Amino acid sequence: MGWDWTGDEVIWAMQGAEATEQGNCSRFKGGQLPHCCEKSPFIVDLLPGAPYNMQTTNCCKGGILSSMIQDPSKFGAVFQMSTSAATDKSGFHMPENFTIGVPGYTCAKPVQVAPSKYSSDGGRRWTQALAPLFLVQSAAAAAKDYLEQNVFGETPSLLQQIKDSNRESPSLVRCSQHMCPIRVHWHVKQSYTHYWRVKITVNNLNILKNYSQWNLVALHPNLKSLIQVFSFNYEPLNQYGQINDTGIFWGIEYYNDMLLQEGESGNVQTEMLLLKDPDMFTFREGWGFPRRILFNGDECVMPPPDQYPRLPNTAQLGAQLSFSTILFSLWLLILCAEQ
């Protein structure tokens, strides 16, 4: 998370997180220097196993957060800091221009909320924070297209990938037309009289990275009539009252909640059964497929409408063809938005 100070503030100390740069603190002479003197500090979560005296409650996840639905105890990370103005003693100035440093996401203006209170003396006393907290909400926007440049048929030496020890190495993917680290396969597998069956497969094409606590969000009008999901967890996202067309899938703990790097085990899959609802959708014109797919918050690239698989014209086949024998599928490629 980052922001711009509007006054002359500096960060003297932090717990639960740290600033990536200390900045120029040369104006402070003698004694302990501030933790960060940057006008636009950027803050990162501490890694698991950080020293106890640097931790706060619900901190230190290495920046890896679960969705609120997957695990309410891990969807947020908390840090605290001690700040003051270096020269201006007029008080606290609300920061502005908040960002979470991820392409495709923007933050609203901060909103001041009541100060937090902390229990002490066995719960008999409550200590109030010295300054009010501020709440920042982020909203997803269009994901940024990011392509890796690799030579076809070659896997670069892993030791040569890390140019800067302070930065994460870039994603490596097998050479292909799309060069994306994740592929989602939506397979309309079977059509019964009153139900239809879909198989979802997520392939990890990244040869260096596992995806832990992954999630997949799908938008399809017939999710309102979902009967059963066989190998993933599922929860509908009813954000608009009666409109129930979006849901989140995630792995079952200790079974498929870890999407391993590319290889024989580099995929997770499930099947789901949906009740046919003629008022909500039809198999015609490719509408058996989802309208949108997102993996870990990154939106998948959907093919143009004219490339959607279509049902064969049974009249031209010269014989009746039962739709229950027709299998068709769609490959969805997620944008390469790795940091």
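**View 1. A disulfide, meaning a pair of cysteine sulfur atoms within 2.5 Å, joins C25 to C37.** Welcome to the first close-up. The model is predicted, so local features need pLDDT of at least 70 and side-chain atom pairs count only at pLDDT 80 or more, while totals for chains, interfaces and linings use all residues. Residues are numbered from 1 along each chain as its sequence is written, and side-chain values use heavy atoms, with hydrogens and water left out. The sulfur atoms of C25 and C37 are 2.0 Å apart. Their S-S torsion is about 115 degrees, so this disulfide is right-handed. C25 and C37 both lie in the loop between strand 3 (17-19) and strand 4 (43-45), so the bond ties together parts that are 12 residues apart in sequence. Strands here (E, at least two residues) and helices (H or I, at least four) are DSSP runs, numbered from the N terminus. Both cysteines are buried; buried means under 20% relative accessible area, exposed means over 50%, and partly exposed is in between (1.4 Å probe, protein chains only).

**View 2. C59 and C60 form a disulfide.** Here the sulfur atoms are 2.2 Å apart. The torsion about this S-S bond is about -65 degrees, so the disulfide is left-handed. C60 sits in the loop between strand 4 and strand 5, and its phi is near 60 degrees, a positive value in a residue other than glycine. At 9% relative accessibility, C60 counts as buried; C59 is buried too. In that loop you will also find N58, with a positive phi near 65 degrees. N58 is partly exposed, at 32% relative accessible area. A search of the whole structure finds 2 disulfides, and counting bonded cysteines along the chain gives the pattern 1-2, 3-4.

**View 3. The largest nonpolar core has 28 residues.** A nonpolar core is a set of buried Ala, Val, Leu, Ile, Met, Phe, Trp, Tyr and Cys residues joined through side-chain atoms within 4.5 Å. Look for W186, L216, F249 and M272, the residues with the most contacts inside this core. At least two core residues come from each of strand 13 (182-191), strand 14 (195-204), strand 16 (215-219), strand 17 (226-229), strand 21 (267-275) and strand 22 (292-295). Apart from this core lies another, of 9 residues, with W3, I11, A17 and F98 among them.

**View 4. The side chain of N204 reaches the backbone oxygen of L260 at 2.9 Å.** N204 belongs to strand 14 and, at 1% relative accessibility, counts as buried. A polar atom of the N204 side chain also lies 2.9 Å from the backbone nitrogen of N206. Leaving aside residues up to four places away in sequence, N204 touches several others, including P181, Y211, L259 and G266. Contact here means heavy atoms within 4.5 Å.

**View 5. K189 and E271 form a salt bridge, with their closest N and O atoms 2.5 Å apart.** A salt bridge is a side-chain nitrogen of Lys or Arg within 4 Å of a carboxyl oxygen of Asp or Glu. The pair links distant parts of the chain, with K189 in strand 13 and E271 in strand 21, 82 residues apart. E299 counts as partly exposed at 22%, and R292 is partly exposed at 38%. Salt bridges that share partners join K189, R197 and E271 into one network.

**View 6. D8 forms a salt bridge with R27.** The closest N and O atoms of this pair are 3.3 Å apart. D8 is in the loop between strand 1 (2-4) and strand 2 (9-15), and R27 is in the loop between strand 3 and strand 4, 19 residues away. Both partners can be located by accessibility too: D8 counts as partly exposed at 22%, and R27 counts as partly exposed at 43%. By this rule the count comes to 4 salt bridges.

Definitions and conventions:
A polar contact is a pair of N or O atoms within 3.5 Å; within protein, one must be able to donate a hydrogen and the other to accept it, and residues adjacent in sequence count only if both atoms are side-chain atoms.
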